[in-house]
Amino acid sequence: MNILVTGGAGFIGSNFIFYMLEKHPEYRILCLDALTYAGNLKTLEPVMDNDNFRFVKGDIRDREFIFNFFGKEDFDMVVNFAAESHVDRSIEDPGVFLETNIIGTQILMDACREYGIQRFHQVSTDEVYGDLPLDKPELMFTEDTPIKTSSPYSASKASADLLVEAYNRTFGLPVTISRCSNNYGPYQFPEKLIPLMISKALAEEELPVYGKGENVRDWLYVEDHCRAIDLILHKGKDGEVYNIGGHNERSNLEVVKTILVELDKPESLISFVEDRAGHDLRYAIDPTKISEELGWKPTILFDEGIKKTVKWYLDNKKWWENILSGDYQDYYQRMYKDEQVNS
Ligand code: NAD
Ligand code: DAU
């Protein structure tokens, strides 16, 4: 099996590559990533010498490059993680979200149509369903919940999902879509809630909690997400959407307080700041479909996963301190100069 993983130098994509190389040592994995601010080649160092792994730098928005690239390779499957992924950045500057998340997905699917593949898998998000009220805990997102987006980020992901479904229906492209809740774990970029709060607490800086900190997210340890995608690739039905989530709902304030306890830091570091514009109140996934049809279940509950995650950030300070200092951007410039493809 020859699998293209786009966006594999980011948080979930890199964890997926590690998972797949270990679970299926006979598979060949090629990671294509543009190495934006969120992509970090250092993350992939542990697998760079693996004979079944290759890295290529490239941008999914570049149609000519993508078609040349597909013409030289022979992929059985494509798993598309590549995206602009941070909601706050999409509020600052929506344009690149539309280009990468929508047009980039279209270009990849066009190349898949031209060169043929067994499966195009789109890694989507629960944010396409909008949000749920805080006072109705019985409500959850199912695959039939209507799409109703709040941020430019979620609108771009929802648009991509609609295009993926259209390519399946109109052109017969074999596709699957997964919509997962908030991930956490190793190698998450320190702009997202959990790693941001860990790094700030360690530096004894103020922890910026939006609004009253009452918004709820449904947290899933990243390895459980990777296992779900592997199952969908092998057992998922063509044209289907699968929700992924593990019933681990927590308010942001609860999450931040748990991190402070783990790090033995005072709650006085918490600072309530202006709320995010259009801030979704609550996400909660109903994973009945993937659980009943594919036998997926989460294995790591939040109380265990958050301890593992805090420990990982303590043990791997260099990884995120480099990012915060901007050193890793200099490293790319030295490494790649103006070249587009390296392998
Ligand atoms: P991330 O921001 O950590 O990584 C994104 C990766 O995509 C980076 O390596 C970046 O360099 C690469 N990339 C960006 N633009 C590119 C382009 N034009 N061409 C090629 N590569 C490009 O994101 P993440 O948190 O790992 O999320 C991965 C995917 O999972 C995204 O599609 C996101 O929407 C989805 N998702 C994320 C979560 C979450 O909690 N993080 C939950 C559900 C779904
Ligand atoms: O639900 C899946 C989504 O989860 C993914 O599709 C996105 O790619 C991913 O970034 C994530 O989106 P969120 O907006 O939920 O994640 P973020 O870590 O940015 O924020 C989590 C919550 O914490 C949210 O309610 C906003 C809040 N927050 C975030 C930051 C960065 C704060 O209170 N303070 C902060 O500084």
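**Figure 1. Lys200 and its salt-bridge partner.** At 22% relative accessibility, Lys200 lands in the partly exposed class. This is a predicted model, so read every distance here as a computed one. The partner of Lys200 is Glu205, and their side chains make a salt bridge at 3.3 Å, N to O. Glu205 is partly exposed as well, with a relative accessibility of 40%.

**Figure 2. Helix α10 and the Asp315–Lys311 pair.** Here the closest N and O atoms of the salt bridge between Asp315 and Lys311 are 2.6 Å apart. Why are these two separated by about one helical turn? Because they sit 4 residues apart in helix α10, which covers residues 302-315.

**Figure 3. A three-residue network.** Asp59, Arg61 and Glu99 belong to one network, joined by salt bridges that share partners. How many salt bridges does the model hold by this rule? The count is 20.

**Figure 4. Stepping back to the whole chain.** The protein chain folds into 12 helices and 13 strands. Its radius of gyration is 19 Å, close to the 20 Å that the globule rule gives for 343 residues, so the chain is as compact as a globular protein of that length. The C-alpha trace spans about 55 × 45 × 35 Å along its principal axes. Of the contacts with a separation of 6 or more, 83% are between residues 24 or more positions apart.

**Figure 5. Surface and charge.** Buried residues account for 56% of the 343 residues in the protein chain. As for charge, the chain carries 37 positive and 58 negative ones, and their mean positions lie 1 Å apart.

Note on methods
Residues are numbered from 1 along each chain as its sequence is written. Chains are lettered from A and ligands numbered from 1 in the order in which they are written. This is a predicted model: local features need pLDDT of at least 70, side-chain atom pairs count only at pLDDT 80 or more; totals for chains, interfaces and linings use all residues. Side-chain values use heavy atoms; hydrogens and water are left out. A salt bridge is a side-chain nitrogen of Lys or Arg within 4 Å of a carboxyl oxygen of Asp or Glu. Buried means under 20% relative accessible area, exposed over 50%, partly exposed in between (1.4 Å probe, protein chains only). The radius of gyration is taken over C-alpha atoms; the globule rule is 2.2 Å times the number of residues to the power 0.38. Contact means heavy atoms within 4.5 Å. Lys and Arg count as positive and Asp and Glu as negative; His and the chain ends are not counted. The place of a charge is taken as NZ of Lys, CZ of Arg, CG of Asp or CD of Glu.
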